[in-house]
Amino acid sequence: MGEMKSTTTHVLEAGEGQGFATTRFQDLLGWAQKYSLFMYPFVTACCGMEFMAVTSPRHDLSRFGAEAPRFSPRQSDLLWVVGTISQRQAPVLKRIYEQMAEPKWVMAFGTCASCGGFYDNYTTVAGIDKIIPCDVYIPGCPPRPEAVFDGLMLLQDKIASGNREPAIVKPRTDPAVSHNHGVVQLRRSKDA
Amino acid sequence: MAEALVKAVQSQFGAAVLETHNQHGDETIVVDAGSWKDIAAFLRDDRRTQMNMLTDLTAVDYPDREPRFEVVAHFCSLTRGHRLRVKARVGFEDGEGAEIDSLADLYGSANWMERECWDMFGVKFKGHPDLRRILMYPEFEGHPLRRDYPAQKIQPLVPYRDVDNIEKLPPFGDDMGMSFGRQTHAFGSHEE
Amino acid sequence: MEPLDLDLEEAELELPTDPTTMLNVGPAHPAMHGTVRCVMELSGENIEQVDVQVGYLHRGFEKMCERGTWSQVFPYVDRCNYVSPMLNNVGFALACEKMLGIEVPERCQYYRVILGELARMSDHLTCVGAMAMELGAFTPFLWFVRAREMIWDLMEEETGARLTHSFGRVGGMAHPPTKAFKELARATSDHVVKVVKEGEQLLLGNRIFLDRLDKVGIISAEDAISLGWTGPCLRASGVPYDVRKAHPYMVYDRFDFDVPVGATGDCYDRFIVRVEELKQSARIIEQALEQMPDDGPINADDPRVVLPPKEEVYNSIEGTIQHFKIVMEGLKIPAGEVYSYTEGGNGELGFYLVSDGSGTPYRVRIRPPCFLVTSGLERVITGEMIADVVPCFGSLNMIGGECDR
């Protein structure tokens, strides 16, 4: 984790398609930023339970350098939007986002934050991207901690490479195109 | 046990009890809206009933009936262990004139449940100390649980971001996300 | 503290005419669980008046239920009380079954009881842990969440999901218990009790923790009843009302368990009642595991509501049609209304259902225990100090999804 692989030409290549050049200083900055994310958990709903699990010992978010929660938006640079955002909550979210200092990143934790989920109705905002820009979407209702880590690592890659294109955490293998038609054979213990 | 309850109310109020029935073991009386509060006070204070808890209060909307709304209260006696459902019918077919006495000074629990009922259905509770919206925001127009309120009609508090194709922002492709809803959102009054 | 401007004449000072301060806490305050806002009028540090505003997590549960079939309500009830979804699942299934007049086989009842009690454990663990964390004791929170992980592991093994199971069905459960269920459940419950005892030692030996709870946020039994409180919060005020004892449903009348009650109705009582209930849940699980039959059907034998086994769906025309009818049209619940209530994680969880006889619910009203408990917050914290808001609010265990629906 401490290695800084990206100070070489590797990152220059990745930056080419985006039309800007990364310098060694930018690499250094990105490397520093990606491992010192101060998070602001904007926890509203069910996903908060899974967020607790993510930060607690079994899964332990701190292994990824994003341990310290800051409950003041002015001190944080990663906004986790965890749970459903209702129309009533939307101004609050927007205000918190505006209070955060640049550079800032936003993660949509769970389906409701990403697109409104199955609450397709009069009170729910159909995804936080309608109100604030979002960097990484993590699907799941709620997502498993492993998916959250995928999302965090995706964000860290994006921070390191300076890429601000929004991205979704995708399954490692797409069940729709795999040969077993989405049926996963679980390996059970001997008695099964 | 609960039949005796119904009899007690009937003998006390006579003609104000419009209907009684017992379905799935739940004793129900339908009362005249005018004696709503008197009956609640009787249920609370009478030695035979001792209904010390107003468990639930809500309404049901029947748009093609007149009176249109059924206000439904569930009373329960913790000391005697019996329960009773009391209903009253109020409101004209167009949704106006739905008024009933408030039980807030008899039962503390009525306070918020009546506010919710007003918020969701537009049933006014006369004599309620603080009849504001509770679940929706004050700017909201209409009563969402009425059956003629379109489920997807949103009334946003914050304007959506000024970007192209706000309904489906990248990285969500046209074929991604939910197959229903989303594009069909009828926006609230501010756009019409 | 002495004012610095002692030599000023009092007449020259512009003192505010209103000595109170307005303070807004939430909805984005970490101790307000993201969904409650308290606007307080303070005089010094004392709370004179408070306006509790909920609704920041209103997600239109009741409206959404009117759009699908009866079985499509299950995912929504799951997300109402998202700390103990299984209890909600079972509560809703029982309400539908009461309307249909069917009873699930005994094995399923035990299965529901055990899963439900495990869910209650996870609910109380979360509440107790979060309450400790909000008061600065972070370690017990980590321990309790670790114990909760064990419960979730079991749930995942049984249902396939960690948190939102949608496992209940009208007339049974989605799947029979796995082979290792009993063994796993016993191990989990034992482990949780062990963790609770350890955590209890950490907290109950902690002077700061106790002082912040003791005699804070007192509510009398009469007030609690009038406010419609149920569950651990009501029992903490000394009213031994537990739906499982007062109106036993499923097989709860066959178990020997106690209903812990508090004496004063302060935050400490609400805390300790929950801790005690965790142990009682473990007792119920132990007895249920012993009594639960190892074989037998899980689903009621009622082709109107229960999906046929997959072999029949694929191999016989009757099975296909039956499956199609239930899935596409929804199961038909006879017209009428019902109020069915169970003991949820936070109190009496009621479902008032109105059916018009079609496959779609006409009205699904959930009687949310949290909503009423939160309505009492105003009475609990008025007159207390500003620092007491956090323990009071934590001890009420407000669950946003259930409170605002």
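Student: In this predicted model, which residue of β4(B) is the bridge partner of B:Leu54?
Tutor: The model is a predicted one, and the place to look is strand β4 of chain B, residues 69-76, which runs antiparallel to β3(B). Within β4(B), the residue that B:Leu54 has as its bridge partner is B:Phe75.

Student: Is strand β3 of chain B largely enclosed or largely open, and how many of its residues are buried?
Tutor: A residue counts as buried when its relative accessible area is under 20%. Strand β3 of chain B covers residues 53-61, and it is largely enclosed by the rest of the structure because the number of its residues that are buried is 9 of the 9.

Student: Why does B:Val17 count as buried?
Tutor: B:Val17 lies in strand β1 of chain B, residues 17-23, and beyond its neighbours within four places in sequence it is in contact with residues including B:Val9 and B:Ile29. The cut-off for buried is under 20%, so B:Val17 counts as buried with a relative accessibility of 11%.

Student: What distance does helix α6 of chain A reach from its first C-alpha to its last?
Tutor: Helix α6 of chain A spans residues 145-161, which makes 17 residues, and among its buried residues are A:Phe149 and A:Leu152. At 1.5 Å a residue the expected reach is 24 Å, and the helix comes close to that, with a reach of 24 Å.

Key: Residues numbered from 1 in each chain as written. Chains lettered and ligands numbered in written order. Predicted model: local features only at pLDDT ≥ 70, side-chain atom pairs only at ≥ 80, totals over all residues. Heavy atoms only, no water. Buried < 20%, exposed > 50% of the residue type's maximum accessible area, 1.4 Å probe, protein only. Helix = DSSP H or I, 4+ residues; strand = E, 2+ residues; numbered from the N terminus. Pairing = 2+ DSSP bridges. Expected span 1.5 Å × (residues − 1). Contact = heavy atoms within 4.5 Å.
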